[in-house]
Amino acid sequence: MRRPVGFWLITGWLCYAVIPWYAGQAWGVPFFLSAGPDAGVGPALWAGLAQGRWWLVPIGAALAFATAATLWPLSNPGNDPARAAVHRAWRGLGLALGGAFGLAALLAQGFGIGLRGWTFSAGEALFGIVDAQTGIGLGAWGTGLALLFLLTYGLADRGAFKGDGFTAGAVGLAVAGIGVFVFLPVFYVLAAAVVGTKGDFSFLAFLDRLTTRSIWSLDCVVGGRRCGVVWNSLLLAVLTGFCTTLLGLGFALVAVRTGFRAKKLLRLLTVLPIITPPFVIGLALILLFGRNGIVTSMVSTLFDIPPSRWIYGLPGVLLTQVLAFTPIAFLVMIGVVQGVSPSVEEAAQTLRAGRWQTFRTVTLPLIRPGLANAFLIGFIESLADFGNPLILGGNFDVLSTKIFFSVVGAQNDPGMAATLGIILLTLCLTAFFVQRLWLGKKSYTSVGGKGDGGQHALLPRRVSRLAYAVVLPWAGFTAILYGMILYGGFVETWGRNHTLTLRHYATAFSAEWVNGGILWTGRAWASLFTTLEISALAAPITAAVGLLTAYLLVRQRFAGRGAFEFATMLSFAIPGTVIGISYIMAFNQPPIELTGGFAILIICFVFRNMPVAIRAGIAAMSQIDRSLDECSQTLGASSATTLRRVILPLLRPAIVASLVYSFVRAITSISAVIFLVSAKYELATAYIVGRVEQGDFGLAVAYCSALIVLMAVAIGVIQLLVGERRIGRRPIAAPAPQAVEKTV
């Protein structure tokens, strides 16, 4: 018996026979010792055999079948290769059938029986009256996980995934996670698109919602005041994706390919926007450029220009989104720019290519995966953004805010929200397929198994000047903006009374020494501790799942890989508001009851932020030669060992990007978790929004300032712990004066 198969068989039996099956059940004793009405439901084996819950028995039968297949008398086929192959194939068939049947039985009983018995009318007629059941607990989760891995190992024994059990298990786990925590909640929301006014299925109602004039109108093109929300969203997303990609590339080139001395400060200014709740950036822009803003008043006084509301609408939302999403593009691009092999550029220069020709014909083509992924992330982030359009949108409606007001506004039309969600999903997936078409099937490999001690070529003079001209003013603008935000926490009323005070920080973060211990008396401590705990748990899980999925997409070939890649982007394409509502609809009832708890927040963050880790991993892994994997496996290493010892050390930029993004977004996210937080688990952003709604801007800004400093420290710690990728290259250095070229 292979160790993984034995481990999952033991795990499955323990979860089925010992651990309580339903959520909220106390840990019981084995079924043969349990008795009496106060024993509770307990483990599934006891509930199925002694309490009449016959629908739990087939799950145990599936485990028994898989166990019998593993312990078959032919378990020792000897040295006969043919007999060993036959044995493995039959064992794989038994494991696959047992795992598949067990999972099917688990899903059927979970979704078929709820709090009121059967969830479908024909159930009682076919099987009679059954006892109600609540949401599944630890026993059911563990049994389902064991059955899943038994199924994948059985498929590997049958020859799927080239017989690699690790790859089969990883694909199975990823598909199951996406199916349960992405497809299932989205299905609940999108199903409402075809529900009529009477609650019945109506495709005509869907068509009526889909063809609404407010969605597709082009009045602004022919002289009208407004266009439909689809065209507004598409224009904003394209502009945001284009601007963030160029800025991210500019920052990456300056950080990697120039002798700029203040690189650390520049990188800090680059990532500042990503560690800030988005509505704080919008509020700062209003205080700068609003009708009564500082810059607006100054320009009006100096140049006699009447104040206007230009910041509200497309210009303001675009500016805020570019500020907020440029760091993501930078985190993706810097790893790709670092990954370009200096030896390739040196080879071009050896063939008498100048700096500009080398950059245009060698460097740029090799960073196309990074450009494509950075644009895709910026495009989708813009479409899914909710906070910035809500604050600065004005009359410029976009899909995300339209969906929100369709659900929680006076309209109360979940069918329209679902229809708009389908449109939004279509736009995101179209961008995804256009990106794949642009990249094509070309190879972008530049990190191979041979030694590469070359030095990155300096940028062409015209490119470096252009990069400096774009990057430095933007960094200066970012510094001014965040200087104002930090300053706002030390004044009585930001924008009105600028008397210096520490009152807001004392109210939020005061502490006392009482009876030999610290008493956290500040009003914000509880939400801060909860937020840090959830973020610290969600970040490594997100990075691990995302990079493992990227490895499967780039390094493995299996049936359905394209559909699998499409599924990984689904959660990223849906606005956070829809994700939050869908989680409430899906996980507030059996079989999966998670709302109001700690786990649902972590799960939401993991699957909401996982696509960025996937795209960063794909962009970085596309540059690593497959020969490294092949050499490792030739020397007898398994896929898991190759991933851990060969691939991951070369993915450190992608690991940093994944950890930073997932940790920060878990702290600053608001659109999804605003529906999921509870009194027991209140997050920082929900607390800040509550202070803003009450008009306590000083406390809100002070809390945001503390979060900015805290996350900046966390980013430095992540960078220190992960380290930098070591591929034997000399660092970039400014050339000696006599070596500077006179011509480009």
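Lysine 162 is exposed, at a relative accessible area of 76%, where exposed means over 50% relative accessible area, buried under 20%, and partly exposed in between, computed with a 1.4 Å probe on protein chains only. Lysine 162 sits in the loop between H6 and helix H7 (165–190); helices (H or I, at least four residues) and strands (E, at least two) are DSSP runs, numbered from the N terminus. The phi angle of lysine 162 is positive, near 60°, in a residue that is not glycine. Aspartate 304 also has a positive phi, about 55°, and is not a glycine. Aspartate 304 lies in the loop between helix H13 (294–303) and H14, and with 68% relative accessibility it counts as exposed.

The model is a predicted one, in which local features need pLDDT of at least 70 and side-chain atom pairs count only at pLDDT 80 or more, whereas totals for chains, interfaces and linings use all residues. Residues are numbered from 1 along each chain as its sequence is written, and side-chain values use heavy atoms, with hydrogens and water left out.

The confidence of the prediction is given by pLDDT, the predictor's confidence in each residue, from 0 to 100. For the protein, the mean pLDDT is 82, and 89% of the residues reach 70 or more.

The protein as a whole contains 32 helices and eight strands. Of its 744 residues, 54% are buried. Among contacts between residues at least 6 apart in sequence, 75% join residues at least 24 apart.

Glycine 112 belongs to helix H4 (residues 81–112) and is buried, with a relative accessible area of 5%. Beyond four places in sequence, glycine 112 touches Leu107, Gly117, Trp118, Thr119 and Phe120. The C-alpha atoms of glycine 112 and proline 591 are 8.9 Å apart in space, although these residues are 479 residues apart in sequence. Proline 591 is located in the loop between strand S7 (588–589) and strand S8 (592–593). A cis peptide bond, with omega about 5°, joins proline 590 and proline 591.

Glycine 135 is placed in the loop between helix H5 (121–127) and H6, and its relative accessible area of 0% makes it buried. The C-alpha atoms of glycine 135 and leucine 594 are separated by 8.6 Å, while the two residues are 459 residues apart along the chain.

The packing of helices may be followed at one pair. Two packed helices are described by the angle between their axes and the distance between the axes. Helix H11 (residues 263–271) and helix H14 (residues 314–339) have axes that come within 8 Å and cross at roughly 130°. The axes are lines fitted to C-alpha atoms, for helices over the stretch in contact, and the angles run from 0 to 180 degrees between N-to-C directions. H11 and H14 are therefore oblique to each other, since angles under 35 degrees count as roughly parallel, over 145 as roughly antiparallel, 65 to 115 as roughly perpendicular and the rest as oblique. At this contact, Arg267, Thr270 and Val271 in H11 meet Pro327, Phe330, Leu331 and Ile334 in H14. By class, the contact has five nonpolar, one polar and one charged residues; Ala, Val, Leu, Ile, Met, Phe, Trp, Tyr, Cys and Pro count as nonpolar, Asp, Glu, Lys and Arg as charged, and the others, Gly among them, as polar.

The buried residues of H11 are Lys263, Leu266, Leu269, Thr270 and Val271. Their cover includes H14 together with helix H10 (229–257), helix H21 (461–488) and helix H32 (697–722).

The cysteines remain to be considered. A disulfide is a covalent bond between the sulfur atoms of two cysteines. A search of the whole structure finds zero disulfides, a disulfide being a pair of cysteine sulfur atoms within 2.5 Å. Cysteine 428 is buried, with 1% relative accessible area, and cysteine 704 counts as buried at 1% relative accessibility.

Notes. Contact means heavy atoms within 4.5 Å.
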